[in-house]
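Hello,

Here is the structure I promised to pass on to you. Please have a look at it first, and then read my notes below.

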There are 2 protein chains.
Amino acid sequence: MKESQAPTVNVTFLPHGATIAVPAGTSVIEAALEAGVHINASCGGEGVCGKCRIRVESGGVRGGVSERLSPADVAGGYRLACRSILEGDVTVRIPVESTVDAGVLNRPASPRRAARVRRFNLSDLKQEGLFLPPVEKRYLELTPPAAGDNLPDVSRIIAHLQRHFDEHRLGVDLALIRKIPDVLRQQEFRVTATLVRPVRPDGRTRLINLQPGDTSGRSFAIAMDIGTTTIYGQVIDLVTGEVKAEHAEFNGQISYGEDVIARIVYAEKPGGLDRMQDVVVGTINRILGKIVRRSGVDPEDISAITLAGNTTMTQLLLRVDPRPIRRAPYVPAAALYPPMKARDLGMELGEHVTALVYPCVSSYVGGDIVAGVMGSGIYRAEELTLFMDVGTNAEIVIGNRDWLACAACSAGPAFEGGGLTFGMRAAEGAIEDFSLDPATLEPMIVTIGRVRPKGICGSGLINLAAVMFEMGIINNLGKFDPGLHTPRLREVEGGREFVLAWREETQIDRDITISEIDFENLIRAKGAIYSGCMTLLTEVGLTIRDVRRIVLAGGFGSFVDLEKAITIGLYRKSTPTG
Amino acid sequence: MKESQAPTVNVTFLPHGATIAVPAGTSVIEAALEAGVHINASCGGEGVCGKCRIRVESGGVRGGVSERLSPADVAGGYRLACRSILEGDVTVRIPVESTVDAGVLNRPASPRRAARVRRFNLSDLKQEGLFLPPVEKRYLELTPPAAGDNLPDVSRIIAHLQRHFDEHRLGVDLALIRKIPDVLRQQEFRVTATLVRPVRPDGRTRLINLQPGDTSGRSFAIAMDIGTTTIYGQVIDLVTGEVKAEHAEFNGQISYGEDVIARIVYAEKPGGLDRMQDVVVGTINRILGKIVRRSGVDPEDISAITLAGNTTMTQLLLRVDPRPIRRAPYVPAAALYPPMKARDLGMELGEHVTALVYPCVSSYVGGDIVAGVMGSGIYRAEELTLFMDVGTNAEIVIGNRDWLACAACSAGPAFEGGGLTFGMRAAEGAIEDFSLDPATLEPMIVTIGRVRPKGICGSGLINLAAVMFEMGIINNLGKFDPGLHTPRLREVEGGREFVLAWREETQIDRDITISEIDFENLIRAKGAIYSGCMTLLTEVGLTIRDVRRIVLAGGFGSFVDLEKAITIGLYRKSTPTG
């Protein structure tokens with residue numbers, strides 16, 4: 001397993017004198033946030049507020065020129081920090097104004113100070129024997145039939161695979177049998193067989209495709225993460241381990257309800273279940289269309305798609321009535337689903353493509369968690385690990401290679417930007433990073449997509465809370481210090497609120513604020529997750545001190561600033577993290 | 001295994017004094033044929049020629065009254081032999097005129113003198129451990145889920161089947177998973193599970209259906225014999241072994257060609273393969289509609305359909321390109337086909353119904369032969385058996401429980417009524433039984449369906465040839481005795497012919513005849529089969545004297561008069577038959 005591999009560059013901020021090493025490609029404003037250096041910035045990184053002026057004093061940056069800067073400014077080395085990309089070592093000076101940057105969903109997560117984002121390298125995993133591709137190809141040079149050797153076509157292939165590749169008990173379905181006579185005769189009985197391995201050791205390997213000639217070097221699969229909010233797909237080269245293309249889109253089901261309960265309620269209406277399936281398959285097909293095209297892969301060489309989602313997402317995708325999931329005793333239809341044809345689910349992939357659905361443990365611990373446990377490798381680690389996937393629901397897994405226990409708790413929507421006055425999903429315009437000038441209380445805000453702010457997403461909320469708590473602007477109950485004097489802090493019904501961006505700096509023609517009520521929601525959500533962890537630990541007779549490692553999964557886990565999460569008590573500093 | 005079970009009645013023919021025991025329900029004319037007693041008859045059993053008058057002298061018959069008989073005749077005990085059904089012992093006198101009767105396809109085959117027609121009794125077979133139903137039902141009383149026991153629905157069923165019925169490694173498909181949550185909750189988790197057994201010992205049992213409540217006493221399957229000419233289906237009660245309904249129809253593909261080669265040629269045209277499948281599935285669906293309705297069985301209780309056909313019929317049914325079957329080296333696509341959904345083949349049966357296709361050994365030894373070998377039990381017999389399925393092609397199997405070898409040979413269409421001047425399939429109006437008055441050479445003819453004759457079917461041809469050969473009317477080369485004097489014998493181009501029915505006695509407004517050319521075809525077909533048998537025997541190092549038993553399969557096997565077949569040398573008298 002390797003870290004993200006961009007070369008590192010050093011950036012020094014004057015007058016502070018702080019130097020930080022960041023990956024090349026980072027913007028100056030992102031680097032400033034990591035270095036704890038404040039630069040005023042109101043437009044979220046769109047480059048329109050012009051407040052985040054910096055002056056490059058040695059080295060150089062890419063971009064950062066704007067109409068907000070005069071030709072004389074540009075000539076004098078002035079740039080906008082939010083639009084300046086670091087490509088080598090550089091020293092910049094911060095005037096007495098300035099802001100930050102991002103780009104969610106389809107950008108790689110940037111490494112944070114305390115947490116490491118793991119990107120897997122399949123070829124390393126293969127060498128370690130940890131990556132067992134679900135699909136393998138075998139090139140066969142069959143003896144053509146003759147009067148004295150007129151085995152049926154399928155029997156001929158199976159006999160060859162037995163004799164030369166030690167493959168036994170192969171299953172072949174009718175759709176493939178229909179193709180075989182023609183494919184065999186296209187290149188004189190030289191063919192490539194695609195085999196799908198069984199999930200269970202007592203299962204059968206299935207022959208799912210036959211191609212003329214030798215295509216064994218071209219074997220691809222698709223991984224699809226079906227989130228309640230976001231669906232994310234990758235085309236993976238099973239030979240080299242390379243990700244050939246990736247893309248995410250919002251799950252089209254969002255229009256029918258934000259959370260799984262709302263989706264189940266919709267699915268219970270007449271025609272609702274069919275609609276839910278059509279919509280999610282529609283989103284998947286849009287993603288497939290994009291990633292397959294971008295990857296440049298011949299669709300015939302894609303043999304499998306793995307599908308991981310929570311239990312409700314899984315049942316809606318498979319058109320299995322989710323009604324009992326939201327009714328005591330909360331029973332899902334099935335834990336394991338058999339391999340099926342992607343085409344039978346409506347996916348626009350080759351007829352031969354096998355869909356492998358991650359198993360669901362229970363109604364609220366789904367295939368996404370199983371995939372996370374597998375992907376993170378905690379099931380084969382010796383050390384006791386706490387695995388968390390935080391969203392509207394938080395799923396918590398604890399264990400190691402000998403045992404695993406799991407709990408799910410409802411955290412409320414705070415971590416997904418819901419339930420806040422200006423909450424929003426982690427989409428373009430969401431404030432995700434933040435700092436405050438201790439003297440002036442002027443904010444530096446960075447939005448996803450570097451555009452003017454529209455609202456606050458979950459990880460942005462944690463950053464806000466951590467910064468304000470560390471600066472003493474809010475106390476441990478989320479109440480603002482009554483002694484502060486800034487026009488940004490004002491009384492509203494039910495408490496006070498802080499203006500993060502003035503109306504004219506936003507996309508929504510209103511001031512964007514964070515209120516004491518918002519912090520209360522966060523504290524409750526944090527409490528729910530904490531209780532979930534403690535309950536699970538108690539249940540297995542352990543305490544948090546026994547935990548040697550925490551793994552944060554999912555989009556929230558990739559983008560949350562772990563140091564800030566520890567600051568607000570979402571995680572504990574005393575726990576080693578990795 | 002039991003013989004046909006109708007009670008036996010004795011009928012004595014005067015003035016001959018011949019007495020014969022026949023099953024009740026036999027017509028007087030059929031009994032006369034078996035007794036070797038001639039009654040003139042020209043209308044095939046329709047009762048319109050009025051020639052087959054008899055007088056009942058003691059006992060009584062059912063029917064036989066006709067407008068061809070005067071009230072005085074009827075009062076005097078006269079009846080038409082072809083319409084008189086034997087229900088008890090009887091003595092009849094034959095005047096100096098008279099004929100016979102039948103009804104093919106959907107009538108049970110009548111027992112013949114030398115061959116026994118085996119009808120299986122499933123409950124006996126079950127007791128002997130020889131009948132392993134492909135489908136079994138299990139009634140389950142599951143513990144409903146609760147907060148402390150919230151296993152997924154499917155896992156709950158599987159765990160119960162493991163614990164209480166020792167069922168392991170069960171497969172469940174998505175279509176069933178979709179039904180399960182609702183079905184479980186209809187009768188408080190009391191359900192009946194339908195299991196399909198694997199064909200191979202290393203296969204998996206599959207759970208294919210779940211019904212609310214206890215339906216374990218109602219388990220049915222359908223057996224379908226897909227002949228090139230005729231398709232025949234039965235609804236079978238898997239609990240009692242009873243045949244609940246049966247029906248046959250001509251394979252709709254006949255319009256596209258009489259034999260398998262013509263069908264393959266059609267399938268090679270654009271759209272031809274799809275058309276061939278649509279047509280055969282159409283015929284199957286018509287048969288299914290009839291037998292399911294007549295059986296009174298709830299379609300939900302039918303769980304499997306077995307399909308046996310020759311290799312071409314099998315591939316056309318499954319829409320697998322049959323092109324290589326008619327090209328050297330004559331390779332079929334597959335020997336084994338996986339279990340599939342009957343619905344996926346277009347069959348109008350429940351969504352859960354599994355279609356089990358009999359394996360094909362080679363291009364010209366198909367699933368019909370495999371089914372015959374299994375049904376006849378020769379694969380588990382100690383004695384060396386010769387199994388023959390005679391049609392346009394004749395397939396011959398020899399072997400016992402230790403080994404089996406097989407040959408197929410093209411016999412030409414003579415045995416299916418083809419290639420004769422007046423040949424026809426074994427359908428209504430076909431002459432199937434025959435005798436001749438030695439003095440007058442007036443014929444007694446019996447047609448299928450007891451109607452006026454339209455032509456001659458395969459088994460009828462054998463009977464004609466045997467009778468004429470025994471009476472010396474033809475010699476061993478099939479040539480007519482030139483010394484005979486009857487207006488029925490006349491010269492035509494290429495030889496001579498014998499008039500079986502005059503124009504006014506037929507349905508076709510022409511004389512129906514049998515010619516020396518027709519006999520030549522029969523001799524060639526017989527020769528082909530004989531050569532096939534001899535080649536196969538030689539190949540395995542045996543002679544005909546080693547064969548202890550001959551089994552004749554198929555419609556021809558059921559209806560052929562074995563004594564007559566031996567007469568013409570199709571089978572050998574020296575071979576024990578059973």
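Let me begin with one residue in chain B: Leu349(B) sits in the loop that runs between strand S16 (340–341) and strand S17 (354–357) of that chain. Please keep in mind throughout that this is a predicted model. Is Leu349(B) buried or exposed? Its relative accessibility is 10%, and since buried means under 20%, Leu349(B) counts as buried. Leaving aside residues up to four places away in sequence, Leu349(B) touches Ile222(B), Leu288(B), Ile305(B), Ala342(B) and Arg343(B).

Now over to chain A, where Asn463(A) has its place in helix H10 (residues 458–470). Asn463(A) has a relative accessible area of 0%, so this residue is buried. What does the side chain of Asn463(A) make a polar contact with? The partner is the side chain of Asp433(A), at 3.3 Å.

Next, the two chains together. Chain A can be superposed on chain B by a rotation of 180° with a shift of 0.1 Å along the axis, giving an RMSD of 0.2 Å. The two copies are therefore related as by a two-fold rotation axis.

How do the copies meet? In the interface, 37 residues of chain A are in contact with 37 residues of chain B. Of the interface residues of chain A, 100% are also interface residues in chain B, which means that the copies meet through the same surface. About 2,900 Å² is buried between chain A and chain B, and carbon and sulfur atoms give 63% of that area.

As for specific links, 2 salt bridges are found across the interface of chain A and chain B. One of them joins the side chains of Asp202(A) and Arg169(B), at 3.2 Å from N to O.

On the side of chain A that touches chain B, helix H4 (153–165) and helix H5 (174–184) each supply at least two residues. H5(A) gives the most to that side, with 4 residues. Sorted by class, the side of chain A that touches chain B has 26 nonpolar, 3 polar and 8 charged residues.

Best wishes

Notes. Residues are numbered from 1 along each chain as its sequence is written. Chains are lettered from A and ligands numbered from 1 in the order in which they are written. This is a predicted model: local features need pLDDT of at least 70, side-chain atom pairs count only at pLDDT 80 or more; totals for chains, interfaces and linings use all residues. Side-chain values use heavy atoms; hydrogens and water are left out. Copies are superposed by least squares on the C-alpha atoms of residues with pLDDT of at least 70 in both. Contact means heavy atoms within 4.5 Å. Buried means under 20% relative accessible area, exposed over 50%, partly exposed in between (1.4 Å probe, protein chains only). A polar contact is a pair of N or O atoms within 3.5 Å; within protein, one must be able to donate a hydrogen and the other to accept it, and residues adjacent in sequence count only if both atoms are side-chain atoms. Buried area is the accessible area (1.4 Å probe) that two parts lose on being put together, summed over both. A salt bridge is a side-chain nitrogen of Lys or Arg within 4 Å of a carboxyl oxygen of Asp or Glu. Ala, Val, Leu, Ile, Met, Phe, Trp, Tyr, Cys and Pro count as nonpolar, Asp, Glu, Lys and Arg as charged, and the others, Gly among them, as polar.
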